[in-house]
Amino acid sequence: MWELISAGGWLMLPIVSFSVIAVAIVIERLWTLRTSRIAPPSLLGQVWRWVKDGELDAAKLKSLRADSPLGEILAAGLANSRHGREIMKECIQEAAGKVIHELERYLNTLGTIAAITPLLGLLGTVIGMIDVFSAIMAQGTGNTGVLAGGISKALITTAAGLTVAIPALFFHRFFVRRVEELVIAMEQEATKLVEVMQGNREVEGAEQQVKVSHVGSTRKGA
């Protein structure tokens, strides 16, 4: 590996550095952008139980904000639910903007790495070919070792740039899609919260419990 890096010339140093940064970003984002961490599926039902049981207080809101990004959005809406639907929605949108910014952290860096490493490889190709033609002008075409060295330098940097760029581009697209899916899921949960708090609907779990209890009472009456 060291021989390949040395043969590629000084342009291999930024390419290798970008590869290390890209790997670190991918690992960090894979850990951070987990659905169970960003938008726990049972969180809205738990919040609704707190509201119904009168257990929602400042301590619960603080815990909710620290629990997950979805919890931060729901807490912003709950803290302003008494001011009406519009104010509640505005506060949720403000919190969501902050959360989305955090979800997209490092994605621009990863996209930049995916775009710039092929250019570095291409630059290495150009430099390598310049060395080849310089050797031809100075020594003619008889010194095949010098010519092979310049061509090898060009090919190594190009291959290294593409090797870094292709996975970086794949994971950049993957994470952008993941963020979009998480944002949609959080928007749906936030919309449910607004409608529930303003009395326009019930949480699905609560509706099912009401239906079950109603069926049970009907059977007893029969």
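Mentor: Ground rule before we dig in: a helix here is a DSSP run (H or I) of at least four residues, and helices are numbered from the N terminus. Also keep in mind that we're looking at a predicted model.

Trainee: Got it. So what pattern does the protein chain follow along the sequence?

Mentor: Start with the tally: the chain has 10 helices and zero strands. Reading along the sequence then gives α-α-α-α-α-α-α-α-α-α.

Trainee: And what share of the contacts with a separation of 6 or more comes from residues 24 or more positions apart?

Mentor: Take the chain's overall burial first: of its 222 residues, 34% are buried. As for contacts in the chain with a separation of 6 or more, the share from residues 24 or more positions apart is 75%.

Trainee: Let's go helix by helix. How far does H2 reach from its first C-alpha to its last?

Mentor: H2 covers residues 12–32, which is 21 residues. Its buried members include Ile15, Ala22, Ile25 and Arg29.

Trainee: Next, H4 and H5: are they roughly parallel or antiparallel?

Mentor: Two packed helices are described by the angle between their axes and the distance between the axes. For H4 (residues 43–53) and H5 (residues 58–67), the axes come within 12 Å and cross at roughly 175°. Angles over 145 degrees count as roughly antiparallel. H4 and H5 are therefore roughly antiparallel.

Trainee: Which residues of H5 make that contact with H4?

Mentor: By class, the contact has four nonpolar, no polar and two charged residues. H4 puts in Leu43, Val47 and Trp50, while H5 supplies Lys60, Leu64 and Asp67.

Trainee: What about the other neighbour: how do the contact residues of H5 with H6 divide by class?

Mentor: The axes of H5 and H6 (residues 69–79) come within 6 Å and cross at roughly 150°, so these two are roughly antiparallel as well. Leu61, Leu64 and Arg65 of H5 meet Gly71, Glu72, Leu74, Ala75, Leu78 and Ala79 of H6. The division is six nonpolar, one polar and two charged.

Trainee: How many of the 11 residues of H6 are buried?

Mentor: Buried means under 20% relative accessible area. Among those that pass in H6 are Pro69, Leu70, Ile73 and Gly77. H6 is largely enclosed by the rest of the structure, because the buried count is nine.

Trainee: Backbone check: what is phi of Tyr106 near?

Mentor: Most residues other than glycine have a negative phi. Tyr106 is in the loop between H7 (85–103) and H8 (107–139), and is partly exposed, with a relative accessible area of 38%. Its phi is positive, near 75°.

Trainee: On to H9. Is His172 buried or exposed?

Mentor: His172 is in helix H9. Beyond its neighbours within four places in sequence, His172 is in contact with Leu107, Leu110 and Gly111. The cut-off is 20% relative accessible area, so at 18% His172 counts as buried.

Trainee: Last one: what separates the C-alpha atoms of Glu187 and Ala96?

Mentor: Glu187 is in H9, which runs over residues 144–197, and at 48% relative accessibility Glu187 counts as partly exposed. Glu187 and Ala96 are 91 residues apart along the chain, yet their C-alpha separation is 8.4 Å.

Note on methods. Residues are numbered from 1 along each chain as its sequence is written. This is a predicted model: local features need pLDDT of at least 70, side-chain atom pairs count only at pLDDT 80 or more; totals for chains, interfaces and linings use all residues. Side-chain values use heavy atoms; hydrogens and water are left out. Axes are lines fitted to C-alpha atoms, for helices over the stretch in contact, and angles run from 0 to 180 degrees between N-to-C directions. Angles under 35 degrees count as roughly parallel, over 145 as roughly antiparallel, 65 to 115 as roughly perpendicular and the rest as oblique. Contact means heavy atoms within 4.5 Å. Ala, Val, Leu, Ile, Met, Phe, Trp, Tyr, Cys and Pro count as nonpolar, Asp, Glu, Lys and Arg as charged, and the others, Gly among them, as polar. The expected span of a helix is 1.5 Å times one less than its number of residues. Buried means under 20% relative accessible area, exposed over 50%, partly exposed in between (1.4 Å probe, protein chains only).
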